[in-house]
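Read it with the structure open.

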Amino acid sequence: MSDKSFAPLRAGETVIKGEKNLEVKDLKMYFPIAQGFLRGSKPLKAVDGVSFDLEASETLAVVGESGSGKSTLGRAVLQLLRPTAGKVNWKGTDLAKLKLAALRPYRADLQIVFQDPLASLNPRMTVGDIIAEPLQSLYPKMDKDETRERVSQMMSKVGLLPQMINRYPHEFSGGQNQRIGIARAMILEPRLIVADEPVSALDVSIQAQIVNLLKRLQDEFQMSMLFISHDLSVVRYISHRVLVLYLGKIMEIADRDELFDKPRHPYTQALISAAPVPDPDKEATKPRILLEGEIPSPVNPPSGCVFRTRCPRAQDKCAKEVPALEARGATSARRVACHFPD
Ligand code: ADP
Ligand code: MG
């Protein structure tokens, strides 16, 4: 192994904290469905008109029940799925409009961390090759020594011993494999990481380590994060802002503390009330809002407000009019889509 040390890959570029890097506007991701006599007649609206932005070194959590469209949103932002409509402006360029070949250079900026670490890593490649792959594909002229040294350095940063560089994924634990996945995502020093339930498949004892690792890496590299999770205690710990998604639409988006301390949308309130809190006295006495039934099919969403069929506050108006996502509350950062917010 060489003893040379290499400067950060993107040392010449400065990250301006607070700069808006990502602007998503009215994003729609519809899937055609082939199903009996309905074939081709109605799309599945997995993401249906989502708008938000994200600043440099900011973490926006995306929460919502399974099937609410979180993963689809994350993939559509990264262009792993090409959106049906809407804009994904990355530093002023609409990625949704670019051809595949033109998207290639953006791989340096935009990376993903998956839920299931082992399934996302090629079992026949060594850890070193897995982590080096994005580097080799984007910087084909980088010499072998430098590539190997950068991989070793990144392994240390994510808490892996560089001596393990020639091992295979199956020789590692789930938590270590997620560190490998994170190293692979970070090797290009990206500006945005989409982390799709990155700790959901891990033992609870390991989850905090991985979440802390992501926080540390964000301190060092200043990347933005779209942190997808259904675990509200993890979200509260890691995020700066929270976006609540239901049937492909934003119900509420707000700063983290505002959202947790005073949720205003009944769906946000239900999610928060269902999440366990560590203090047993508080856990026993806290109010609970039970959500009845399951999330409806995105092929046939309810008229008006999509949440109304499970909403304890629903009235006639909710079936007739789609509530706009309006600024509410002390700061303009909070927006709520509800005819009768708390
Ligand atoms: P979440 O990550 O919040 O659980 P997903 O984004 O995975 O939600 O899914 C949202 C909806 O889109 C679900 O109804 C799901 O079945 C549907 N869906 C996701 N991917 C596809 C696809 N490739 N083709 C058809 N439907 C899909
Ligand atoms: Mg998902």
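## Ligand 1 and its shell

A backbone N or O atom of Gly69 sits 3.1 Å from an oxygen atom of ligand 1. The side chain of Lys70 places an N or O atom 2.8 Å from an oxygen atom of the ligand. For Thr72, a polar side-chain atom lies 2.5 Å from an oxygen atom of ligand 1. A polar contact is a pair of N or O atoms within 3.5 Å; within protein, one must be able to donate a hydrogen and the other to accept it, and residues adjacent in sequence count only if both atoms are side-chain atoms.

This is a predicted model, in which local features need pLDDT of at least 70 and side-chain atom pairs count only at pLDDT 80 or more, while totals for chains, interfaces and linings use all residues; side-chain values use heavy atoms, without hydrogens and water. Residues are numbered from 1 along each chain as its sequence is written, with chains lettered from A and ligands numbered from 1 in the order in which they are written.

Which residues surround ligand 1? They are Phe31, Leu44, Ala46, Glu65, Ser66, Gly67, Ser68, Gly69, Lys70, Ser71, Thr72 and Pro298. Near here means a heavy atom within 4 Å. Helix α1 (70-78) and β2 (43-55) each supply at least two residues of this shell. The most come from α1, with three. Helices (H or I, at least four residues) and strands (E, at least two) are DSSP runs, numbered from the N terminus. By class, the shell has four nonpolar, six polar and two charged residues. Ala, Val, Leu, Ile, Met, Phe, Trp, Tyr, Cys and Pro count as nonpolar, Asp, Glu, Lys and Arg as charged, and the others, Gly among them, as polar.

## Pockets and cavities

Rolling a probe the size of a water molecule over the atoms shows where empty space is left. The search uses a 1 Å grid over the protein atoms alone: a cavity is a set of points where a 1.4 Å probe fits but cannot get out, and a pocket is an open set with protein on both sides within 12 Å along at least five of seven lines; lining residues have an atom within 4 Å of a point. Grid points are joined across faces, edges and corners, and a volume is the space filled by probe spheres set on the points.

| Space | Volume | Lining by class |
|---|---|---|
| Largest pocket | about 490 Å³ | 14 nonpolar, five polar, four charged |
| Second largest pocket | about 400 Å³ | 10 nonpolar, three polar, two charged |
| Largest cavity | about 90 Å³ | nine nonpolar, two polar, two charged |
| Second largest cavity | about 30 Å³ | four nonpolar, no polar, three charged |

The largest pocket has 23 lining residues, with Leu80, Arg107, Leu110, Gln111 and Ile112 nearest its centre. Two or more residues come from each of α2 (100-103), β6 (110-113), α4 (127-138) and α6 (174-186). Strand β6 gives the most, with four.

In the second largest pocket, 15 residues form the lining, and Arg236, Phe260, Ile272, Ala275 and Val277 are closest to the centre. Both α8 (232-238) and α10 (266-274) supply at least two of its lining residues.

The structure holds three cavities of 30 Å³ or more. Of the 13 residues lining the largest cavity, Cys305, Cys311, Cys318, Cys338 and His339 lie nearest its centre. The second largest cavity is lined by Lys45, Asp48, Leu247, Lys249, Pro298, Pro301 and Val306. Pro298 also belongs to the shell around ligand 1.
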